[in-house]
Number of protein chains: 2
Amino acid sequence: MKTENGAEYAVGDRNRVRQVRAAARYDRATVHAILDAGLTAQVAFCEHGRPVIVPMIYARDGETLYLHGARKARIVRLLEAGTEAALNVTLIDGLVAARSAFNSSVNYRSVTVYGHPRLVEGEAEKLAALRRVSEHLLPGRWDELRPPHDRELKMTGVVALAIESASAKVTTGPPEDEDEDYALPLWAGVVPVEHVFGAPEGDPALPAGSAPSPAIESLARSRARP
Amino acid sequence: MKTENGAEYAVGDRNRVRQVRAAARYDRATVHAILDAGLTAQVAFCEHGRPVIVPMIYARDGETLYLHGARKARIVRLLEAGTEAALNVTLIDGLVAARSAFNSSVNYRSVTVYGHPRLVEGEAEKLAALRRVSEHLLPGRWDELRPPHDRELKMTGVVALAIESASAKVTTGPPEDEDEDYALPLWAGVVPVEHVFGAPEGDPALPAGSAPSPAIESLARSRARP
C-alpha cells in the first residue's frame, strides 16, 4: 500500500484497527505527534518465518522514520531479505481504575507503522538522519558536539523506513462502566502517568564544578517524554 | 529451546544478544525484574509471513506471561496458526549525553521473550490470570472490585506465553567517550528519565467529595513505572 498525499493514511487490510475501533485514528497529524513524542520504538520483522523484535531509537522526517541502533548485523540481514517491518510506539498516559476489573484499562497513545526498510548509504542523508535522531532525543545537543568522524559514520547503521501504512489508537478520559456499577460506593477515575526528567548527573570524569550545557539545562527543565 | 531450571536462561540462536554484548543478561532475576517493572509489552508475530506488532498489558507468574488486550480476533488467529511470538519490554532510565553524537545513547532495561502462546480457556486459570494482570497495573485494586461476571470472563481473551527463551539488556552509568574527547570543554553525563504518578483524577460521575480508595491512594504515593 502506498502512502497517499492527504490528511489521512489510506485504510486497508494492513493498518485497519480491528478492536476498539472508536479509538482508531488515521490522520497524519495524530500519527506524527505520537511518533514525535516517543523516545524509543519497537521494530518487528520476520526472519525465516519467525518474529524478531528490537527496541530502537528513531526520529521522523516527514513520512520517513530513521532508525538507529547497535543492531547492524540484524538490520543488514533484514535489508538483504527485503523484509517488511512493523514498528510500534506506545505512550502510557494513565491507569484507568474502573468500577470493575473488566472495564479497567490504561489510557494510551499508540502508533503502528508498516514499511520496507532501506539502508541509508549516502553520507549526506546519513548525517542528516543522525542529526535528526540526536535532536529527537537531546534537542540542541548536536550543535554543541564536534562533527562525527568519518570512521564513526561508517560504523553507524541508519535505516530509513518510509511510512507505507499507519494507524494510531488513542484512549483518554474516565472509565466507562456498566450502568449498574455506577451505584457502587467506590472511587473510580484515572491515575495519570507522567514522565519527567531528573536533575542531570554529570560524568564523574568531568572537572569539578562543570555546569550542564545550555541544551542539557533546557532539556532538564522540559517535560520528559515516555 | 526448552527453558531449563536454574538461575539463567540457556543461550541459543534465538535469544543470544548480538550487539553490545557487555550489556547482555540471561539471568532469571534480571529478566523477571524488568518484566515486573514494565506496564505494557509489545508483542510481535508473523502472519502470512508479515510482521504484526501489538502493545498489550500483561503480568508475570513464574515463567509464564499472561497477556490481555482488546485483540481477541488477532490473538485467536495467532493461536490457531500455532505461531511463535516475540515480546519486548523496554524501560528508558536516562538520556546519555556523551561528548560526541556517536557515543550518545540511552540507558535502558530491555527484555525480549520468545514463546508459543496458548489461549487460556479454563475459568480458574483465566480468573487467576486476570487478577494478576490487574494487580500488576493497580496493586490492591482487585479486592476492592466486585467479582467479574461470567459474561465478562467470556468476553475477555487471555493468552499465556511460557518463556521458552529470553534475554535482557541493561545499560547504566555515564557515557563512554573517545579518549581524546575527554579534553573537550563540554558537559557530559546522564539526564535521568523518571516515571511518576500524578494526582488521581476522579470520574466526573462520582458523587461530590468522593475520596480515592486505599489501593488508589497507595498507588499514587508510589513511584510510577514506565
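The following paragraphs lead the reader through a predicted model of two chains, from the fold of one chain to the contact between them.

Residues are numbered from 1 along each chain as its sequence is written, and chains are lettered from A and ligands numbered from 1 in the order in which they are written. Because the model is predicted, local features need pLDDT of at least 70 and side-chain atom pairs count only at pLDDT 80 or more, whereas totals for chains, interfaces and linings use all residues.

Chain A contains five helices and eleven strands; helices (H or I, at least four residues) and strands (E, at least two) are DSSP runs, numbered from the N terminus. Of its 226 residues, 46% count as buried. A residue is buried if 20 or more other C-beta atoms lie within 10 Å of its own, exposed if 12 or fewer, and partly exposed in between, with C-beta atoms placed from the backbone. Two residues are in contact if their C-beta atoms, placed from the backbone, lie within 7 Å. Among the contacts in chain A with a separation of 6 or more, 70% are between residues 24 or more positions apart.

D177(A) gives an example of such links along the chain. D177(A) sits in the loop between β9 (165-170) and β10 of chain A, and it counts as partly exposed, with 19 C-beta neighbours inside 10 Å. Apart from neighbours within four places in sequence, its contacts are A98(A), R99(A), S100(A), N103(A), Y182(A) and A188(A). F102(A) stands 75 residues from D177(A) along the chain, yet their C-alpha atoms are separated by 8.8 Å.

The next part concerns strand β2 and its partners in chain B. Six of the eight residues of β2(B) are buried, so that the strand is mostly covered. Two strands pair if DSSP finds at least two bridges between them. β2(B) pairs with β3(B) in the antiparallel sense over eight bridges, and E47(B) has R50(B) in β3(B) as its bridge partner. Four bridges also join β2(B) to the antiparallel strand β5 (residues 85-97) of chain B, where A85(B) is the bridge partner of F45(B).

The hairpin of β2(B) and β3(B) has two residues between the strands, and H48(B) takes a positive phi near 55 degrees there. H48(B) is exposed, with 8 other C-beta atoms within 10 Å. In chain A, H48(A) lies in the loop between β2 (40-47) and β3 (50-61). H48(A) has a positive phi of about 55 degrees although it is not a glycine, and it is exposed, with 8 other C-beta atoms within 10 Å.

The expected span of a helix is 1.5 Å times one less than its number of residues. For the 15 residues of α3(B) this gives 21 Å, and the end C-alpha atoms are 21 Å apart, which agrees. Its buried residues are K126(B), A129(B), L130(B), V133(B), S134(B), H136(B) and L137(B). Seen down the helix axis, these fall within an arc of 160 degrees, so they line one face of α3(B); the arc is that of the directions from the helix axis to the C-beta atoms. An α-helix has 3.6 residues a turn, so residues three or four places apart point the same way. What covers the buried residues of α3(B) includes elements of both chains: β5 (85-97) and β6 (105-115) of chain A, together with β3 (50-61), β4 (64-68), α4 (150-155) and β8 (158-162) of chain B.

The contact between the chains takes 80 residues from chain A and 80 residues from chain B. On the side of chain A that touches chain B, strand β10 (residues 189-197) of chain A gives the most, with nine residues. By class, this side has 49 nonpolar residues (Ala, Val, Leu, Ile, Met, Phe, Trp, Tyr, Cys and Pro), 13 charged residues (Asp, Glu, Lys and Arg) and 18 polar residues (the others, Gly among them). β10(A) also runs antiparallel to strand β11 (residues 201-202) of chain B, joined to it by two bridges, and V190(A) stands opposite E201(B).

How are the two chains related to each other? Chain A can be laid on chain B with an RMSD of 0.0 Å by a turn of 180 degrees and a shift of 0.0 Å along the axis, which is the relation of a two-fold axis. The copies are superposed by least squares on the C-alpha atoms of residues with pLDDT of at least 70 in both. The same surface serves both copies, as 100% of the contact residues of chain A recur in chain B. Of the residues of chain A, H195(A) comes closest to the rotation axis, at 2.3 Å (C-alpha).
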